[in-house]
Amino acid sequence: MPQYFAIIGKTDNPVYEAQFISTQKKDGTQEFPSDLKELNPFILHASLDIVEDLQWQMSPISSEGNVSVSRGGFLRSKNASTADNCYLGKIDHFYGLAITAYITYSGMKFVMIHGTSTNTNEAIDDNNCRIFYQEVHELYIKTLMNPFYNASEPITSPIFDLRVRQLAKKYLK
Amino acid sequence: MAIETLLIVNKSGGLIYHRNFGEACEKRKKLTSNDYLIIASTLHSILAISGQITPRALKLNQDDIDYTIPYVPGVGMPSSDSSNNSKMSKLGSFKGDDYFKESFTSWNKSGLRQLSTDQFTMFVYQTLTGLKFIAISSSVLPKNNEMETSKNLNLANQIGDNFLRKIYCIYSDYVMKDPLYSLEMPIKSENFDKKVQEMVYNVQ
Amino acid sequence: MSSSAGQQQIKTLKVLGEDVWKNKVEKINSELFTLTYGTIVSQLCQDYDRDFEKINDELYKMGYNIGVRIIEDFLARTALPRCTDFNTTSEVISKVAFKVFLNLTPTIANWSQSNDAFSLIISDNPLSDFVELPIDAMKSLWYSNVYCGVLKGALEMVQLDCDVSFVSDILRGDNQTELRIKLNKVLKDEIPVIED
């Protein structure tokens with residue numbers, strides 16, 4: 001299934017975006033339908049409010065069911081022993097599209113739309129997804145360390161783009 | 001071996017630093033800063049000339065002369081019992097409890113490394129970049145026994161070189177790394193002054 | 001210099017460099033260092049309106065000012081005697097100087113026929129960790145040009161007049177970072193007379 005991934009800055013400014021298309025042919029829908037493709041940025045931005053809500057939540061809200069990992073969240077898991085409290089899991093959905101998010105300590109939002117597959121009930125592989133986010137986070141930090149990159153400006157480095165795509169190929173189906 | 005005076009002369013013979021310590025302040029009161037400048041450039045010339053008049057035979061056999069100066073532990077460092085009580089102050093960018101701990105080769109091959117008179121002894125340390133560190137000590141070498149004298153002379157010389165190399169270390173830290181210091185100009189750094197004074201005090 | 005004696009000397013220098021680096025030098029965080037340098041370069045890019053030739057010169061000048069000062073630190077620390085030939089100089093630069101200040105041992109290569117020029121191949125350049133040059137800088141900016149200035153300044157203080165410049169840089173897409181040092185002449189007049 002295809003994915004649409006974006007990094008959104010602190011002031012909701014887009015920093016980076018990419019679309020991943022799976023190369024496996026067996027899945028019928030490798031690409032977003034063209035009408036949906038244009039909607040992707042809107043869908044993502046619509047879910048940013050939820051990310052910000054979750055960011056400051058102190059206790060897990062598993063009852064709502066829209067958080068696929070109950071111990072996820074940012075400040076909420078202050079006392080949790082897991083180190084991956086940046087990964088928010090599935091936070092929103094839009095007509096069968098799942099949206100997952102990850103927030104860095106500096107408030108950069110990594111969000112991704114997981115495209116529809118033939119089997120609409122297919123769950124998101126949280127583990128792989130988390131690893132993908134974490135590794136992108138690491139790449140992002142390395143980009144920040146580049147003296148020629150100004151924080152919150154769009155990332156134009158082809159190497160960053162290449163690496164992110166490699167990660168997507170590795171971890172996302 | 002009390003140090004009375006310390007002079008630093010740059011590579012063109014200009015005096016960039018001079019200080020008197022202890023009693024010497026009183027003793028050399030009459031010297032004006034102009035006098036010091038003259039002393040510095042005179043010393044500079046004498047060192048140059050002494051290099052020229054060093055006997056030729058000596059020069060030809062230069063490979064045979066041992067210029068190694070052994071490390072004399074603790075020169076200018078706080079005595080061990082005081083360091084136990086108070087925490088050792090850090091030696092700038094130098095790690096450990098002393099600036100260096102191995103013997104080293106003297107860069108000064110002029111033949112004039114030490115000048116002894118009835119009143120004082122003078123030590124000269126010269127760096128590869130042409131700087132000269134000159135220390136004047138109040139101690140006078142005993143003249144009774146010739147053997148003793150030459151031994152003492154050697155030891156004093158070694159202590160002098162050890163001491164001056166440490167001053168060089170301080171200089172490289174507090175003068176060369178001061179961004180506002182311009183090369184070849186008189187040193188006005190208070191930090192440097194303080195460190196030098198500490199070290200001179202420890203030598204007494 | 002017979003080769004066995006040369007080997008011996010190189011070994012001693014290597015041991016010296018490692019010893020000084022390990023036991024005598026206070027260290028700082030390398031990322032702080034790398035970021036500081038990066039900030040300087042990117043600020044220069046802004047100040048000089050991306051005129052990279054000028055930025056190279058500026059970095060060189062900054063390096064020169066560092067070099068004429070840091071040589072005193074180097075000599076105070078190591079108390080090395082004057083090099084007998086340019087060969088030794090190259091070894092001292094690579095095995096002691098780079099080691100002491102950057103924990104790095106560049107490879108010496110490409111000696112010229114007349115033995116008056118050599119190259120330092122720098123792998124793992126700490127200055128350029130994380131750095132990706134902007135496209136417009138790829139052709140003209142020598143990002144680590146401060147090295148050239150430092151070497152020039154330091155060598156000049158020990159009376160060696162050299163030309164130092166970059167030949168290639170991994171950041172520009174070359175396959176190695178190469179720095180060339182060419183000895184013009186030994187400034188005999190300036191050697192302190194008392195050394196003869």
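Modeller: This is a predicted model, and chain B averages a pLDDT of 82, with 85% of the residues scoring at least 70.

Colleague: In what order do the five strands of the open sheet in chain B lie?

Modeller: In general, the strands of a sheet pair through backbone hydrogen bonds, either parallel or antiparallel. In chain B the order is β2-β1-β7-β6-β5, and the pairing is antiparallel. Strands β2 (15-20) and β5 (114-116) of chain B form the edges, each pairing on one side only. From one strand to the next, the twist averages 10°.

Colleague: How many bridges join strand β1 to strand β7 of chain B?

Modeller: Six bridges link β1 (residues 3-9) with β7 (residues 132-137) of chain B, and the two strands run antiparallel. As one case, L7(B) in this pairing has I134(B) of β7(B) as its bridge partner.

Colleague: Which residues have the most contacts inside the largest nonpolar core?

Modeller: The general idea is that nonpolar side chains tend to be buried together in soluble globular proteins. Here the largest nonpolar core has 83 residues, and F133(B), A135(B) and I167(B) have the most contacts inside it. Helix α3 (residues 52-78) of chain C contributes the largest share of this core, eleven residues. Around I167(B), leaving aside its neighbours within four places in sequence, the contacts are L6(B), F133(B), V196(B) and M199(B). Another core, of 34 residues, lies apart from the largest one, and Y4(A), A101(A), Y102(A) and C129(A) are among its members.

Colleague: What pattern does chain A follow along the sequence?

Modeller: Chain A has three helices and five strands, arranged as β-β-α-β-β-β-α-α. Of its 173 residues, 33% count as buried. Among contacts in chain A between residues at least 6 apart in sequence, 55% join residues at least 24 apart.

Colleague: Where is Q159(C) placed, and is Q159(C) buried or exposed?

Modeller: Q159(C), likewise not a glycine, has a positive phi of about 65°. Q159(C) belongs to the loop between α5 (146-157) and β3 (160-168) of chain C. Q159(C) counts as buried because it has 20 C-beta neighbours inside 10 Å, and the cut-off for buried is 20 or more.

Colleague: Finally, how many residues apart in sequence are G173(C) and K139(C)?

Modeller: G173(C) and K139(C) are 34 residues apart in sequence, and their C-alpha atoms are 9.6 Å apart in space. G173(C) lies in the loop between β3 and β4 (177-186) of chain C. Because it has 10 C-beta neighbours inside 10 Å, G173(C) counts as exposed.

Key:
Residues are numbered from 1 along each chain as its sequence is written. Chains are lettered from A and ligands numbered from 1 in the order in which they are written. This is a predicted model: local features need pLDDT of at least 70, side-chain atom pairs count only at pLDDT 80 or more; totals for chains, interfaces and linings use all residues. Two strands pair if DSSP finds at least two bridges between them. Helices (H or I, at least four residues) and strands (E, at least two) are DSSP runs, numbered from the N terminus. Axes are lines fitted to C-alpha atoms, for helices over the stretch in contact, and angles run from 0 to 180 degrees between N-to-C directions. pLDDT is the predictor's confidence in each residue, from 0 to 100. A residue is buried if 20 or more other C-beta atoms lie within 10 Å of its own, exposed if 12 or fewer, and partly exposed in between; C-beta atoms are placed from the backbone. A nonpolar core is a set of buried Ala, Val, Leu, Ile, Met, Phe, Trp, Tyr and Cys residues joined through C-beta atoms within 7 Å. Two residues are in contact if their C-beta atoms, placed from the backbone, lie within 7 Å.
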